[in-house]
Amino acid sequence: MRKTLVVAGGGAAGFFCAVTAARLNPQLKVILVEKTGKLLSKVKVSGGGRCNVTHACFSIPDMVRKYPRGARFVKKTFHQFFTTDTIQWFEERKLHLKTEEDGRMFPQSNSSQSVIDCLLQEANQYQVEIRLHHEIKNIDYPTESNSFTLHFSNELRLNADFICLACGGYPKSSMFEWILQSGHSIEEPVPSLFTFNMPGHSINSLMGVSVPDVQVKIAGESLKERGPLLITHWGISGPAILKLSAWGARLLKEKEYRFEIRVNWLGDRSDQSVRDEMLMTRESSGGKKIRQKNSFGLPQRLWEWLLEQAGIKDIHWADLPAALQNKLIQLITNQSFPVEGKTTFKEEFVTAGGIRLSEINHHTMESRIRPGLYFAGELLDVDAVTGGFNFQHAWTSGFIAGKSIAEKTF
Ligand SMILES: Cc1cc2nc3c(=O)[nH]c(=O)nc-3n(C[C@H](O)[C@H](O)[C@H](O)COP(=O)(O)OP(=O)(O)OC[C@H]3O[C@@H](n4cnc5c(N)ncnc54)[C@H](O)[C@@H]3O)c2cc1C
């Protein structure tokens, strides 16, 4: 008798599971069910419509540092299917990737549609049956030798010997209820990858200014990050802030997104090194106006704003009083800002939390609680910072689940 696999979710992880299982075991009947009328919708919009497929990182230890949750898990799964395998998989199907300066990898076509076309063509080639508008509401689990029964919101049912749940990140705990009936448990979902709101703050007048290397810290906590920072009309954003939001996803939720951050506008430069440089500037360019001689390479608008905050008027370097100099140094290396709220980063939003990893066998992605039930993608308690790392986890976990199911059914 032909065995049936039902994959739930027409996203990156679900597709990778379905096409891998169907290719590796032609005897297996593979059905992919998707609750909406659209397939691969996140692939379509990701990376500004270009799809940031993966990241040019070829060391597992370096790669796992990008995962605030699930690092230990992906460290093991990446040994089975890594970035190199993703690149090769797409290359073998004539989809060539290119690497941007920051390591993000995109299709050479610059269009996410080529990724979608490639996955659809693979599904077609290996006869994956796709059913849209099929939202799973409930699953009956096998007792003894019978199979799973899936119940859909459209009143239809399907029987399956294997199920892979790849339903993406659910933002609310209540959305997991139908899965929890399996006996699995979840880490509470919370948003990750958001920007910080500072309503009414005068820095917002610098909207559009970006600073290439800033260090940001959450006051009173050990969390800190470095990287570019962008000032927006509602607060601050940019890679340094997004990374901080990912690492602090749970902590910042507990603080109800009200906290104080400290910014060093010059990366990790110390007070002393800034003081020494000011001394040198006073000696070499004492006759120059402070406003015009910005020796730290900060964007001019930011520099003028910092001088204003320090109460420094239109004076020369040689005339800078010690007290104002101290104030300026403190603002440059340790400026404090009150954060009041967050804004979801629409470019690449993910949910932290999901199915508990201790309940999943990382060799196979099979449930340790319900044999025959598999999981893949963002539904698991794995999430990463921006840069293609979330998709890599989707490809990896989908591939492992598909391969394990294919091997089990020979
Ligand atoms: C706007 C945006 C841009 C992004 N850009 C990037 C990027 O550039 N790089 C990167 O690495 N990551 C990016 N991400 C994150 C990345 O898209 C996700 O981590 C990834 O798509 C997760 O894949 P998945 O298959 O697990 O889930 P999804 O892609 O979310 O797919 C899950 C599917 O399951 C379906 N589903 C849900 N419940 C049911 C049910 N009960 N029955 C049947 N079907 C169901 C959903 O409708 C959905 O189609 C972005 C995310 C967003 C929102």
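Helices here are DSSP runs of H or I with at least four residues, numbered from the N terminus. The model is predicted, so to speak of local features a pLDDT of at least 70 is needed, while side-chain atom pairs count only at pLDDT 80 or more. Residues are numbered from 1 along each chain as its sequence is written.

**Exercise 1.** Find where Ser295 lies, and state which side chain its own side chain contacts.

*Solution.* Begin with the location: Ser295 belongs to the loop between helix H10 (271–285) and helix H11 (300–310). Next, take polar contacts, which are pairs of N or O atoms within 3.5 Å where, within protein, one must be able to donate a hydrogen and the other to accept it, and where residues adjacent in sequence count only if both atoms are side-chain atoms. The side chain of Ser295 makes such a contact, at 3.2 Å, with the side chain of Thr281. Finally, if residues up to four places away in sequence are left out, Ser295 touches (heavy atoms within 4.5 Å) Glu277, Thr281 and Trp317.

**Exercise 2.** Describe which helices supply the shell around the ligand, and which backbone atoms lie by its oxygen atoms.

*Solution.* Start with the helices: H1 (12–24), H2 (41–49) and H13 (389–408) each supply at least two residues of the shell, and the largest share, four residues, comes from H2. Then turn to the backbone, where a polar atom of Ala13 is 2.9 Å from an oxygen atom of the ligand, a polar atom of Gly47 is 3.3 Å from an oxygen atom of the ligand, and a backbone N or O atom of Asn390 lies 3.2 Å from an oxygen atom of the ligand.

Conventions
Side-chain values use heavy atoms; hydrogens and water are left out.
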